[in-house]
Amino acid sequence: MDTIAPSGLQPEERASSCLQEDVPSDSSELVQKCLQQFKVTRKQLQQIQVSLLRSMEQALMEQNNPAPAVRMLPTYVGSTPHGTEQGDFLVLELGATGASLRVLWVTLTGTEEHRVEPRSQEFVIPQEVVLGSGQQLFDFAACCLSEFLDAHPVGNQDLKLGFSFSFPCHQTGLDKSTLISWTKGFKCSGVEGHDVVQLLRDAIQRQGTYNIDVVAVVNDTVGTMMGCELGAGPCEVGLIVDTGTNACYMEEARHVAALDEDRGRTCVSIEWGSFNDDGALGPVMTIFDHALDYESLNPGAQRFEKMIGGLYLGELVRLVLAHLAQHGVLFGGCTSPALLSRGSILLEHVVEMEDPFTGAAHVHAVLQDLDLSPQASDAELVQHVCAAVCTRAAQLCAAALAAVLSRLQHSREQQTLQVAVATGGQVFEVHPRFRSILKEMVMLLVPECDVSFIPAVDGGGQGVAMVTAVAARLAAHRHLLEETLAPFQLNCQQLIVVQAQMREAMIRGLQGEASSLRMLPTYVRATPDGSERGDFLALDLGGTNFRVLLVRVAKGSVQITNQVYSIPECVAQGSGQELFDHIVDCIVDFQQRQGLSGQSLPLGFTFSFPCKQLGLDQGILLNWTKGFNASGCEGQDVVCLLREAIGRRQAVELNVVAIVNDTVGTMMSCGYDDPHCEMGLIVGTGTNACYMEELRNVASVAGDSGYMCINMEWGAFGDDGSLSMLSTCFDASVDQASINPGKQRFEKMISGMYLGEIVRHILLHLTSLGVLFQGQQTQCLQTRDIFKTKFLSEIESDSLALRQVRAILEDLGLTLTSDDALMVLEVCQAVSRRAAQLCGAGVAAVVEKIRENRGLEELTVSVGVDGTLYKLHPHFSSLVSATVRKLAPHCTVTFLQSEDGSGKGAALVTAVACRLAQTTRV
Ligand code: 0WK
Ligand code: BGC
Ligand code: BGC
């Protein structure tokens, strides 16, 4: 028994001092008064039941004012056993049965019929370890594990261990659990507030004899619940009355505020030992309870446990006997040092003395051991005291269990309830009447509940092994997930290589040498200077939407009216003539809507595909990208194709002045407001960038001074295989399935048209490994493009709870668990993170080039950006900026999200061209 002794009085003297209340003179009255104190009325039990239920519901909803009297700790056990768990597992039980720990080797056969008796060994923990340092305790545990494995060789199979740790812990995963506070006489330093799994792993490492993988930590109540025989159907409540007491039960996950779940059930450890609602408990606490608590290692804590737990029942009996002896009622008024010393009467003594047949004899034996010479009448009185203490314990436990059953009724909205309760612990196993008193009182308190009590198998060892099996399966799944996603985790070194390779490819492209970067001159030599004026038509083709715009450029303002039109896939992949006729149809429709019919406004054409420009209004389409594949266009001047289509349409006159890439349009659009904007970036359906390069570096265009905007067409970066070191089998699958295999490799790792497909292929792979969706390959997941990239943006948004992630995936026709949803989220994060980092490495290469072009120490530059992925994904833009900051520390880069798209930019390029044309005409 614990040894606190403040303020000079010996514990016993203090204990008896707090018992110094008005003592009746008549001995039988004194005895009655003592025993009466342990009588708890049905009304009081109901009050405890109601108050505990209220605290449970408060704690579930995380209402902390006032602080709930019980903790309601999620255990991350989401289902009761299926019975299919298989394998051999080590189980370490610490803290359930007092100062001892037990090691078990449990074999789960996966079938009910065939059960293998576990091998187990108990180790007594020395008191100096129970009260010593945490390291001592965990080293002791690791030592016992080795001793057990030495004694029970299990061959060199993987040693997966389930850790049954019977103390209040905040769990954040099946293998992550922080001790809140010690109970039951344990008081090791340096453990509270720490992850006990890590402490055990460290100790096993220090021990160094066996390679044991700690995969799960469970509270003993959970092991008990999970271990109950399946005959009666899974137990949904685990109840322990051993040295301490506690219970767990399967709560509806949506009722546990701490969990982001809306479906299924989850096991919650109540930690009812700390129930201390004075309103309910005050009236039933005796002077002996206060004395016991006062002298305990943790005064004021675990009050409820100290009235029920086997660690305390003996002490309560001792305090009563000492009190009665000191008042001359018992043992002729004689006491003994043994009777006055704490912990001298243990649970087993009480159980023996209560035995209906041999109790009286045991009373004599026990009292003689306490150096007392009991009189004939003493034995019966002592038995009454034992019975009073234990009956109350069982009744209080019944009231607590009744609260749990009422909670189950509430959370399942059921009037009646049929439930199996797994029971474990010495008090249940050895006390002759505890279980029957408990049953009887439960039936009185919750008559509408049909409760069956199932003793736990192997004291919960089997249950811990089952949780360990589930945890091992989940850990194996997590390992496979991490293995699958590892190639997507790019480190700084890899990004520096990408940046350097892009830099080299840029230079080779500018010099007209073989390079996967075409570095196409755009004939845009300056960003707008604000003097542009006039009305312009603009077309914006190549992104998610085809838009026709009217752009009115006036002093200090640009007004835009636009209309979105769709380009059906059959047109995008039909004939070029159809495509351009469709474009002209849209223009005509727009002119009619805007009352512009018959007007021939200068037109700027944003054509977001790789074009070799021979002039501002000449662009030879090199190849289609992004799912476009209209015939008869590649190698053609698309301005001509547009003009021919205009020609085919009667009474339409349009003056096509400029063709620009959407990156150029975006740069110009943002450059109109920010003169530092010298780079354009698109991360949408496709991806690409342009920037203002020194004309002297552009081999294919004459002139050594001034600038030329270069369309890098970086989507094709790596088409020469220079990115193969980063390419994964999933990238290869997406590329193979695309209409342009081997092309646009960089784009296919970054842009919106492909990220969803990469994710889908990874999900298919993980499903085939059995990691996801229980290995069920569903038709929907086999469907191309079913996993839209916008799902990544939705799934990764911080404001989305896991349950909403599930909803998105269920809408896709997938049946999944929350673990599945979590893994899908991680897959999305890995794929989008890699895309953003690669994009950032590209931007870093460009801004560094501009800085060195200008021989600057530091460069301040802005980048005009557009594209659905960049704009809508919750983390993409910040990941790009972070990568650029790391890879181009001498560049201060501001990313300007383009408000009006590149249509405005195309109109400004047209305006500049018109202004230049006018000045040359003058
Ligand atoms: C809007 C621009 C357009 C560009 C598009 C790219 O106006 O020129 O092609 O962004 O983004 P996406 O629509 O492909 O997501
Ligand atoms: C602990 C619980 C444990 C119970 C039974 C209590 O002292 O706080 O976590 O379940 O004892 O062992
Ligand atoms: C095209 C580029 C365009 C980019 C963004 C790529 O597929 O090749 O010209 O800038 O998509 O839309």
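**View 1. Strands 6 and 7 pair in the antiparallel sense over 4 bridges.** Strand 6 covers residues 169–173, and strand 7 covers residues 176–179. Two strands pair if DSSP finds at least two bridges between them; strands (E, at least two residues) and helices (H or I, at least four residues) are DSSP runs, numbered from the N terminus. This is a predicted model, in which local features need pLDDT of at least 70 and side-chain atom pairs count only at pLDDT 80 or more, while totals for chains, interfaces and linings use all residues. Residues are numbered from 1 along each chain as its sequence is written, chains are lettered from A and ligands numbered from 1 in the order in which they are written, and side-chain values use heavy atoms, with hydrogens and water left out. A hairpin through 2 residues joins strand 6 to strand 7. Histidine 170 stands opposite threonine 178 of strand 7. Buried means under 20% relative accessible area, exposed over 50%, and partly exposed in between (1.4 Å probe, protein chains only).

**View 2. Leucine 101 lies in strand 3, residues 100–109.** Leucine 101 is buried, because its relative accessibility is 1%. Phenylalanine 123 is 22 residues away from leucine 101 in sequence, yet the two are 5.3 Å apart in space, C-alpha to C-alpha. Leaving aside neighbours within four places in sequence, the contacts of leucine 101 (heavy atoms within 4.5 Å) include Leu92, Leu94, Phe123, Ile125, Phe140 and Cys144.

**View 3. Ligand 2 is surrounded by 15 residues.** The closest are Thr183, Asn219, Asp220, Glu271 and Glu305; a residue is near a molecule or strand if one of its heavy atoms lies within 4 Å of it. An oxygen atom of ligand 2 is 3.3 Å from a polar backbone atom of phenylalanine 167. A distance of 2.7 Å separates an oxygen atom of ligand 2 from an N or O atom in the side chain of threonine 183, and a distance of 2.7 Å is also found to an N or O atom in the side chain of asparagine 219. On its own ligand 2 has 310 Å² of accessible area, and the protein covers 100% of it; such areas come from the Shrake-Rupley method with a 1.4 Å probe, and for residues only the protein chains shown count as cover. Helix 7 (220–226) and strand 10 (245–252) each supply at least two residues of the shell.

**View 4. Ligand 3 has 15 residues around it.** Thr625, Lys626, Asp662, Glu713 and Glu747 come nearest. An oxygen atom of ligand 3 is 2.7 Å from an N or O atom in the side chain of threonine 625, and an oxygen atom of ligand 3 is 2.5 Å from an N or O atom in the side chain of aspartate 662. The protein buries 99% of the 310 Å² that ligand 3 exposes when taken alone. Helix 22 (662–671) and strand 23 (687–694) each supply at least two residues of this shell.

**View 5. Helix 12, residues 347–354, is mostly covered.** Of its 8 residues, 6 are buried: Leu347, His349, Val350, Val351, Met353 and Glu354. These buried residues pack against helix 10 (310–326), helix 13 (359–369), helix 14 (376–411) and helix 15 (426–430).

Key: A polar contact is a pair of N or O atoms within 3.5 Å; within protein, one must be able to donate a hydrogen and the other to accept it, and residues adjacent in sequence count only if both atoms are side-chain atoms.
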